[in-house]
Amino acid sequence: MKRLLVVFLVFGIIFPLFSFGAGTYKVVKTKEDPETGKEEIEYEFEVEYDGLIPCGKCLNVKSGNPEYQEVELQRCGANKKFIPCQICHIFILISDLIKFFYSELLYPLLGVLITILGFLLLLSEIHPVAFAREETVISAIERIKEGVKLTAFAFFFLLSLWFLLNLFFSVMGVAEWTGLQNWFKISCTIKELPLGPLTEEAGLPPTVLGCPTDGGEITSPCAWGIKGSHAGRMHTGIDIAGSRNSNIYAVENGKVIFAGYWDRYGNTVAIQHHNGLITLYAHLNQISVRKGDEVKMGQKIGEMGNSGGDYGVHLHFEVRQDNQYFLNPERFIGHCGYTRRSNIPQRYDESRTCEGYSVRGHEIPQ
């Protein structure tokens with residue numbers, strides 16, 4: 001029994017790191033009343049988060065109509081807000097951990113354990129000799145009964161502890177009673193905070209880039225082709241389908257190192273960024289920058305097309321590291337909300353991505 005409790009605790013600590021679902025909370029924008037000096041709510045909205053950490057990243061706006069700061073549009077794209085971590089997020093994190101530990105892990109395991117012990121108890125009553133072995137029949141049955149009692153006691157003890165923890169949060173003013181269906185919900189105030197502008201030195205971390213288009217559908221991933229036009233070769237970027245002449249944006253600050261027509265890539269723009277990344281935008285219908293231009297993240301650099309003899313209007317978007325190997329663009333722009341075409345698994349082997357694939361044979365013209 002002691003070993004089983006240790007297993008519960010280990011799973012309760014480690015498993016939530018990988019298995020947390022989505023959660024939501026409200027954010028308010030306040031302003032000071034010039035006459036009274038008191039803060040008033042200007043508007044509020046609800047955001048949705050995935051995983052264990054509920055803040056410090058771009059989150060989907062689930063309801064409400066908030067205003068978007070320029071840096072959020074550059075960093076997160078449309079319909080997303082960047083929510084810095086605040087004290088209230090600590091209580092949300094603790095509440096999620098408690099909820100997961102109890103509802104998703106502990107109670108189901110305890111229920112299974114009680115069922116097994118109850119089944120063993122039933123069998124011991126029907127055929128007691130099979131459970132006795134070297135013990136007496138009575139002692140064997142008593143051990144099973146003790147296991148059932150201990151498990152049931154642990155269940156009700158932990159249920160009481162969970163109730164007391166939530167009651168403590170309510171007394172502190174960070175949670176409220178919501179009825180028997182959901183019981184308690186964290187209700188402390190999370191404010192929308194002003195964000196500083198992105199600088200050339202700071203930029204975005206290398207795992208997050210801006211969005212190259214205003215929406216669209218990924219029709220081809222950065223992976224090995226098995227059917228269609230990319231069959232038998234590596235597709236070194238992603239294709240994002242959209243409407244002709246829709247805007248194409250630089251995904252980070254940088255310097256244009258190529259702007260012109262390039263063989264099968266068609267009208268192409270390549271940008272060198274300060275963090276060693278190079279981003280490439282191909283099949284453009286029109287180019288809006290020149291080689292040597294300094295561009296800012298979110299700046300228009302061209303319009304979508306299908307130049308270079310490719311089929312369909314789309315953007316071919318590549319990410320390269322130190323001009324030596326390709327990186328999978330989808331891990332940089334997952335926050336942009338692009339849909340994926342349903343037939344991708346039939347046309348590409350995504351277990352063989354372009355990550356780390358050499359740029360040899362795909363060098364950008366000087």
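Me: Leaving aside its neighbours within four places in sequence, which residues is Ile 301 in contact with?

Reply: Contact means heavy atoms within 4.5 Å. Ile 301 is in contact with Ile 248, Tyr 249, Ala 250, Val 269, Ile 271, Tyr 281, Ile 287, Ser 288, Val 289 and Val 295. This is a predicted model: local features need pLDDT of at least 70, side-chain atom pairs count only at pLDDT 80 or more, and totals for chains, interfaces and linings use all residues. Residues are numbered from 1 along each chain as its sequence is written, and side-chain values use heavy atoms, with hydrogens and water left out.

Me: How many residues has the largest nonpolar core?

Reply: A nonpolar core is a set of buried Ala, Val, Leu, Ile, Met, Phe, Trp, Tyr and Cys residues joined through side-chain atoms within 4.5 Å. Buried means under 20% relative accessible area, exposed over 50%, partly exposed in between (1.4 Å probe, protein chains only). Here the largest core has 36 residues. Ile 301 is one of those with the most contacts inside it, as are Val 269 and Phe 317. Elements giving two or more residues to this core include strand 12 (266-272) and strand 13. Strands are DSSP runs (E, at least two residues), numbered from the N terminus. Another core, of 13 residues, lies apart from it and includes Tyr 43 and Cys 188.

Me: Is Leu 280 buried or exposed?

Reply: Leu 280 is buried, because its relative accessibility is 0%. Leu 280 sits in strand 13 (residues 277-287).

Me: What does the side chain of Thr 268 reach?

Reply: A polar contact is a pair of N or O atoms within 3.5 Å; within protein, one must be able to donate a hydrogen and the other to accept it, and residues adjacent in sequence count only if both atoms are side-chain atoms. The side chain of Thr 268 reaches the backbone oxygen of Tyr 265 at 3.4 Å. Thr 268 lies in strand 12 and is buried, at 0% relative accessible area.

Me: Which residues lie nearest the centre of the second largest pocket?

Reply: Rolling a probe the size of a water molecule over the atoms shows where empty space is left. A pocket is an open set of points on a 1 Å grid over the protein atoms alone, where a 1.4 Å probe fits, with protein on both sides within 12 Å along at least five of seven lines; lining residues have an atom within 4 Å of a point. Ser 229, His 230, Asp 239, Asp 310 and His 314 lie nearest the centre.

Notes: Helix = DSSP H or I, 4+ residues; strand = E, 2+ residues; numbered from the N terminus.
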